[in-house]
Amino acid sequence: MKNQKNKMIGIVGGMGPYAGLDLARKIFDLTQAKKDQDHVPLTLISNPERIEDRTEFILGKTEINPGIEISKIIKQLVDQGAKVIGMPCNTAHSGKIIAEIKNMPKNVQFINMISEVVKCIQKKYPRAKRIGLLATSGTISSRVYNKEIDKNGLFTVLLSDRDQKQLIDDAIYNEKIGIKSNPNPVHDDAKLKISLAIKKLIIKKSDAIILGCTELPLAIKSKSYDSIPLLDSTEILASSLLKESIE
C-alpha cells in the first residue's frame, strides 16, 4: 500500500501498551515503502495510567468510565494533527465506553475496530456463518461483537464460562503467565491456553475465529488453525486505518 500524501493516523495506545506498538508496527508493515518518506504520518499516545481497565468497568468492579480519558487522549491526537483515529482495544469499543467519545471534529474519522473485523469476515470469508470469538470477559459481557455479528446475519460461537475464565482470562491477566505481565515474549503457558481455546471453538464448529483482544495476536501469529481462519483484529484495524488515511 503506497503512501500518497496520507492523512496522519492517531493511535490511542496503552490498552495494553504493547497492543498500541503492535498496531503501529502492522501499519508500517502494510505500507509499501522504499524510503522513510513513503511511510504514513502517525502519532501514538500511550498513557496507560490514565485509562481505567475496560473489563473491570464493564463488569462493575469500578465506576470510572475509561471512555472519559480516552476521549481526552483522542483530542490530544487531533491537536497533534491526526485525522484518522484508531483504538487497539476491542473491549473499549463497548457501548458504555465508546459513548464517551464525543465532539469528534467533522474532518476526523474514527475507525471502529469491531465493525471492520466483521466487514473483513464477510468480504474474505463469505461462506463463514458460525464465528468463534476469543475476547476478554468484558468484551463478551458487553456483547459488542455479538451485536455486530448478529446484525449481519451471522452466529457467534463462545467458550463456556469455565473455559473463558480458565483459558482466555487467565492467558491475558494472570500475573505469572498472562500477556499483560509477559507481553514480549509471551509466556508459553499463555500460548497453550489460547491454543486450547481455539481448539474448543473449532470443536463447536466455528467457520472462522476472531482474535478479539489485541493481546491475543501478540501470542498467536498464525493466520489459521486446522484450516480455520484466525482473524487478527489489530491487523484488520491497521489495514482500515491505512486505507482511510489515503486522500
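Colleague: Which residues of helix H8 are buried?

Modeller: In this predicted model, the buried residues of helix H8, which covers residues 161-173, are Asp-163, Gln-164, Leu-167, Ile-168, Asp-169, Ala-171 and Ile-172. Seen down the axis of H8, these buried residues fall within an arc of 165 degrees, so they line one face of the helix.

Colleague: And which exposed residues sit on the face turned away from that buried side?

Modeller: That face carries Arg-162 and Lys-165, which are exposed.

Colleague: Changing topic, in what order do the four strands of the open sheet run?

Modeller: The order is E2-E1-E3-E4, with parallel pairing. Strand E2 (42-45) and strand E4 (109-110) stand at the edges with a single partner strand each, so one side of each has no neighbour in the sheet.

Colleague: How many bridges join E1 and E3?

Modeller: Strand E1 (residues 8-12) and strand E3 (residues 82-86) pair over four bridges, and Ile-9 has Val-84 in E3 as its bridge partner. Helix H3 (residues 66-79) packs on this sheet, touching E1, E2, E3 and E4, and its direction makes about 155 degrees with that of E1.

Colleague: How much space lies in the largest pocket, then?

Modeller: The largest pocket holds about 460 Å³ of space, and of its 17 lining residues the closest to the centre are Cys-120, Lys-124, Ile-236, Ser-239 and Lys-243. Helix H5 (113-124), strand E9 (228-232) and helix H11 (233-245) each supply at least two residues of that lining.

Note on methods: Residues are numbered from 1 along each chain as its sequence is written. This is a predicted model: local features need pLDDT of at least 70, side-chain atom pairs count only at pLDDT 80 or more; totals for chains, interfaces and linings use all residues. Side-chain values use heavy atoms; hydrogens and water are left out. Buried means under 20% relative accessible area, exposed over 50%, partly exposed in between (1.4 Å probe, protein chains only). The arc is that of the directions from the helix axis to the C-beta atoms. Two strands pair if DSSP finds at least two bridges between them. Contact means heavy atoms within 4.5 Å. Axes are lines fitted to C-alpha atoms, for helices over the stretch in contact, and angles run from 0 to 180 degrees between N-to-C directions. On a 1 Å grid over the protein atoms alone, a cavity is a set of points where a 1.4 Å probe fits but cannot get out, and a pocket is an open set with protein on both sides within 12 Å along at least five of seven lines; lining residues have an atom within 4 Å of a point. Grid points are joined across faces, edges and corners, and a volume is the space filled by probe spheres set on the points.
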